[in-house]
Structure formats: C-alpha cells, structure tokens
Amino acid sequence: MSAMDNTDGKTPPPTVWPTLAAADARGLMAWLTGVLGFVEVVAYAGDDGVVQHAELAWPTGGGLMMGQQRPGTDERATSSGSFAAYVVVPDAAEIDAIAARVRDAGDGEIVREPYDTDYGSHDVAVRDPEGNHWQFGTYPGAPRP
C-alpha cells in the first residue's frame with residue numbers, strides 16, 4: 001500500500017474540525033463555498049443577523065466550524081487572517097480547478113501555483129479574502145498502523 005492510499009479500513013473518518021472567527025462570516029462563507037468548494041451545512045444567526053455558528057463541509061470529509069468575530073469569541077476560535085489548513089483533494093485536476101476559481105474570483109490570492117511534491121502530491125496554496133491560508137493537495141496522509 002502506498003502512502004497516497006489511506007483506504008485501508010484503519011483510517012477513521014475526520015473528527016477534528018478547525019474553527020475560525022471571521023470578520024465577515026457571511027462573506028467568507030460565500031467565498032469558501034463558491035470559490036473553494038465547501039458546502040454550507042448549517043448557519044445559525046442571532047436576532048441581529050450575525051452568524052453565531054456555521055458548519056461548512058468538505059465534500060470528501062471533514063470541514064470547518066466558524067462564525068462571526070464578536071466579543072467573547074477570541075478564546076474559542078482562531079481569528080481570521082491567522083488561520084491555516086491543509087485540505088485533501090482526491091483528484092489532481094480539481095487542484096488546478098481550485099486555482100482557476102481563485103484566479104477568476106479576483107479577491108483571493110494564489111500563494112503558490114499548482115505544483116507537484118517529491119512525495120507524490122499535487123498541491124496549490126491560496127489565501128482567502130480575509131487572509132487565511134489554505135493548502136490543497138492530493139496527499140491524504142499516511143495510512144494508520
């Protein structure tokens with residue numbers, strides 16, 4: 001079994017979900033879903049319309065929990081602009097498509113154009129409009145022992 005194959009029956013489904021407090025939660029959610037490909041699962045807003053909690057799923061597993069930056073949230077979530085995540089994308093062609101969508105959107109940034117690693121992954125690094133760093137790659141992690 002190669003390091004690129006984690007379908008060994010030993011690798012559990014994702015249960016670690018990063019958290020992010022966005023300066024403009026609705027705006028960032030629209031960008032993450034429309035440009036990067038996340039799927040909005042749920043968004044709970046307060047009476048004032050501010051997103052208190054939202055979950056964005058990554059189509060192949062895992063996702064992101066987020067909400068609006070507001071008083072009292074600093075200790076519970078990473079502030080927008082300082083967040084970073086690696087997201088597994090099984091199809092190398094989708095890496096190139098993500099780069100194209102970021103380029104076309106015009107309000108994010110490609111930090112590093114699509115490239116191939118020495119361990120067999122095809123990756124791209126981007127920054128969203130709030131400055132968060134997203135690394136997308138085909139490397140799914142090593143199989144669990």
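The model is a predicted one. Of the 145 residues, 36% count as buried. Among contacts in the chain with a separation of 6 or more, 57% are accounted for by residues 24 or more positions apart.

Helix α1 may be examined next. With 12 residues at 1.5 Å a residue, α1 should span 16 Å, and the distance of 15 Å between its end C-alpha atoms agrees with this. Within α1, the buried residues are Ala25, Leu28, Met29, Trp31, Leu32, Val35 and Leu36. These residues lie on the same side of α1, because they cover an arc of only 165° around the axis. In general, an α-helix has 3.6 residues a turn, so residues three or four places apart point the same way. Just after α1, Gly37 adopts a positive phi of about 110°.

How is the contact between the helices arranged? Two packed helices are described by the angle between their axes and the distance between the axes. The axes of α1 (residues 25–36) and α2 (residues 92–105) come within 9 Å and cross at roughly 130°. The helix α1 is therefore oblique to α2. At this contact, Trp31, Gly34, Val35 and Leu36 of α1 meet Ile98, Arg101, Val102 and Ala105 of α2. The residues of this contact comprise 6 nonpolar, 1 polar and 1 charged. Trp31, Val35 and Leu36 are also among the buried residues of α1.

Notes: Residues are numbered from 1 along each chain as its sequence is written. This is a predicted model: local features need pLDDT of at least 70, side-chain atom pairs count only at pLDDT 80 or more; totals for chains, interfaces and linings use all residues. Side-chain values use heavy atoms; hydrogens and water are left out. Axes are lines fitted to C-alpha atoms, for helices over the stretch in contact, and angles run from 0 to 180 degrees between N-to-C directions. Helices (H or I, at least four residues) and strands (E, at least two) are DSSP runs, numbered from the N terminus. Angles under 35 degrees count as roughly parallel, over 145 as roughly antiparallel, 65 to 115 as roughly perpendicular and the rest as oblique. Contact means heavy atoms within 4.5 Å. Ala, Val, Leu, Ile, Met, Phe, Trp, Tyr, Cys and Pro count as nonpolar, Asp, Glu, Lys and Arg as charged, and the others, Gly among them, as polar. The expected span of a helix is 1.5 Å times one less than its number of residues. Buried means under 20% relative accessible area, exposed over 50%, partly exposed in between (1.4 Å probe, protein chains only). The arc is that of the directions from the helix axis to the C-beta atoms.
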